[in-house]
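The following paragraphs lead the reader through a protein chain.

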Amino acid sequence: MKRYFLPLLLGAALLLAGCGEKHETLLLLGNVITMDEVTPAAEAVFVKDGIIEFVGTADDARKLCDGKTVVKDYGTASIYPGFLEAHTHGVLAADRFQQVDLTEVTYREGVVVMDDYVQAMKQFMDEHPGMPMYKGAGWNVKEREPNAAMLDAICPDVPMFLNTEDGHSMWINTAAMKMFGIDAEAARKYGTDCVRVDADGNPTGYLSENPAIEILGKISMSKDECKKGLLLWQERAFSYGFTGVTEAGLGLACPYATEAYQELCDEGVWKLRTYANLVIDENVPDSKLDSALNNVLAMHKKHNGEYFRIIGTKMFMDGVIEAHTGWLEEAYTDQPGYYGLKRCPESSRVAKVVAFNNLNGMNVHFHTIGDAAVHTAIEGISQAVAQTGVKEGRNALSHLQVVDSPDFQAFADNGIIPVVAPLWTPRLFPEYGITCSFIGRRADTQYPVKSFSDLGCKVNFHSDYPISSSMSAARSVYTAVTRTLPYLGEEGVHNASECITREQALQAMTTNVAYQWREEDRQGSIAAGKLANFAVFDANFLKADLDSIWDAEVKATYVDGKLVYGK
Ligand SMILES: [Zn+2]
């Protein structure tokens with residue numbers, strides 16, 4: 001009798017454990033800011049099996065609990081839906097975590113000169129002798145034009161690559177130029193906007209756009225390094241309270257990125273919901289465009305999982321103003337007759353890409369900095385909308401540094417999602433003065449936000465992390481509302497007419513981003529039936545004084561009802 005009794009008890013215990021796993025319940029108490037129109041505020045959220053089951057009063061929620069419910073009382077802290085990021089570069093972040101971080105040099109203190117970056121690389125080389133190549137990223141101050149000789153002085157034999165903070169330019173030494181054939185012929189092929197040359201027509205070691213971005217892919221991490229770096233990126237995003245991100249350029253920086261994401265999902269360790277737009281070469285010949293688009297569709301069908309999903313195409317319309325590659329309607333102030341780099345000059349090509357994506361349930365995510373780039377993308381999208389009749393294609397234009405005011409209405413008319421960066425709006429010095437020297441008075445109206453929300457557009461926020469070295473939701477609210485920084489005060493306020501409300505800022509990091517991903521029924525707000533993804537902060541972004549919002553800290557982040565950061 002005894003012999004049978006023990007296994008029977010064990011079996012019962014296993015059965016109970018199984019039940020416990022099937023019905024994990026969680027009660028969160030605190031100041032719940034739901035972003036849901038029906039119940040905007042609450043005291044409690046009850047979660048069952050990773051899904052929100054109830055939102056309301058603490059008393060009512062407690063009635064749903066049993067002895068096994070995990071109860072977390074956050075007191076006066078605020079519970080938000082997990083924040084969603086409309087445009088980041090996880091793979092680039094993964095890469096940069098494993099390189100020399102030159103943003104530390106830029107932001108250390110005092111005046112940065114080019115030699116400070118060189119010295120940072122020298123220090124790393126001394127600490128890590130014998131590497132086959134040296135990589136750094138994050139330089140952005142340019143008191144003089146960089147050149148290969150400055151790097152050759154510390155690194156004559158081994159290739160060295162220093163990516164800018166914006167990721168659009170690269171400073172390399174002579175060994176690196178030799179490795180990738182950057183010579184007078186390359187300057188002719190790419191143009192001297194992209195391969196800078198000296199008076200004799202020889203490349204100087206300063207590259208922008210296509211040649212820089214192509215080299216990035218050729219000196220990439222291995223797949224294992226990519227996976228390791230992505231897990232660091234996931235940790236970083238959770239530590240900021242983000243539970244979902246757009247990978248706005250899958251295919252950049254690492255050819256193994258898709259496999260790396262997929263393998264992490266298959267291993268069950270990837271929980272940062274990632275919605276990726278696959279980069280296509282905007283200049284492929286017409287004859288190859290169809291196969292490039294069909295490839296995106298095939299990848300969309302293949303990678304369509306819960307935590308990693310390819311949702312469409314990424315296209316670059318231009319470069320960046322600091323490299324003189326942003327595409328402008330009027331010439332650069334300091335370079336008469338020059339309008340920047342037209343990476344995709346034909347609106348008919350945009351129309352074809354958009355129509356294909358939208359008819360297949362996908363979207364197109366555009367890089368658009370200058371007003372001419374914005375205008376051409378809008379023209380293409382409106383042609384596509386006219387052809388297909390798809391008004392909710394969820395197409396997104398990101399960055400939007402300079403926008404011609406007549407174009408605002410076209411965003412609303414064609415359902416275009418403006419993806420803007422509040423963290424970039426304050427007037428910083430000396431950066432603002434440098435921008436003025438490049439684009440003159442256009443700097444005064446750069447980075448519009450309210451112009452879009454006033455027209456009913458679903459504004460999305462982005463940090464472009466790691467292009468911005470922070471992705472703080474709290475600081476995004478602060479800068480969206482004030483367009484300055486605490487230590488700059490009034491002096492830093494830039495284009496105050498574009499300030500938006502706190503509620504609008506929160507929408508731009510929750511419900512509006514879920515819309516970009518066609519996920520609005522599942523995430524972006526705290527409501528019964530939605531994913532139990534939350535960010536808990538020690539500040540109420542709707543009511544707290546702005547200084548405490550700037551310094552707000554993340555207390556906890558939850559994905560599917562499970563704690564992934566904090567406590
Ligand atoms: Zn970007």
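Seven residues of domain 1 are in contact with 12 residues of domain 2, two residues being in contact if their C-beta atoms, placed from the backbone, lie within 7 Å. This is a predicted model, in which local features need pLDDT of at least 70 and side-chain atom pairs count only at pLDDT 80 or more, while totals for chains, interfaces and linings use all residues. Residues are numbered from 1 along each chain as its sequence is written.

On the side of domain 1 that touches domain 2, strands β20 (554-559) and β21 (562-566) each supply at least two residues. The residues of that side comprise five nonpolar, two polar and no charged; here Ala, Val, Leu, Ile, Met, Phe, Trp, Tyr, Cys and Pro count as nonpolar, Asp, Glu, Lys and Arg as charged, and the others, Gly among them, as polar.

The chain contains 21 helices and 21 strands, which are DSSP runs (helices H or I, at least four residues; strands E, at least two) numbered from the N terminus. Its radius of gyration is 25 Å, close to the 24 Å that the globule rule gives for 567 residues, so the chain is as compact as a globular protein of that length. The radius is taken over C-alpha atoms, and the rule is 2.2 Å times the number of residues to the power 0.38. Along its principal axes, the C-alpha trace spans about 95 × 60 × 55 Å.

Two helix pairs may now be examined. The axes of α10 (residues 223-239) and α11 (residues 257-266) come within 9 Å and cross at roughly 60°; axes are lines fitted to C-alpha atoms, for helices over the stretch in contact, with angles from 0 to 180 degrees between N-to-C directions. Helix α10 is therefore oblique to α11, since angles under 35 degrees count as roughly parallel, over 145 as roughly antiparallel, 65 to 115 as roughly perpendicular and the rest as oblique. Residues making this contact include Lys-223 and Leu-230 of α10 and Glu-259 and Tyr-261 of α11. The contact divides into six nonpolar, no polar and four charged residues.

For α13 (residues 347-359) and α14 (residues 371-388), the axes come within 7 Å and cross at roughly 50°. That makes α13 oblique to α14. Their contact involves eight nonpolar, seven polar and one charged residue.
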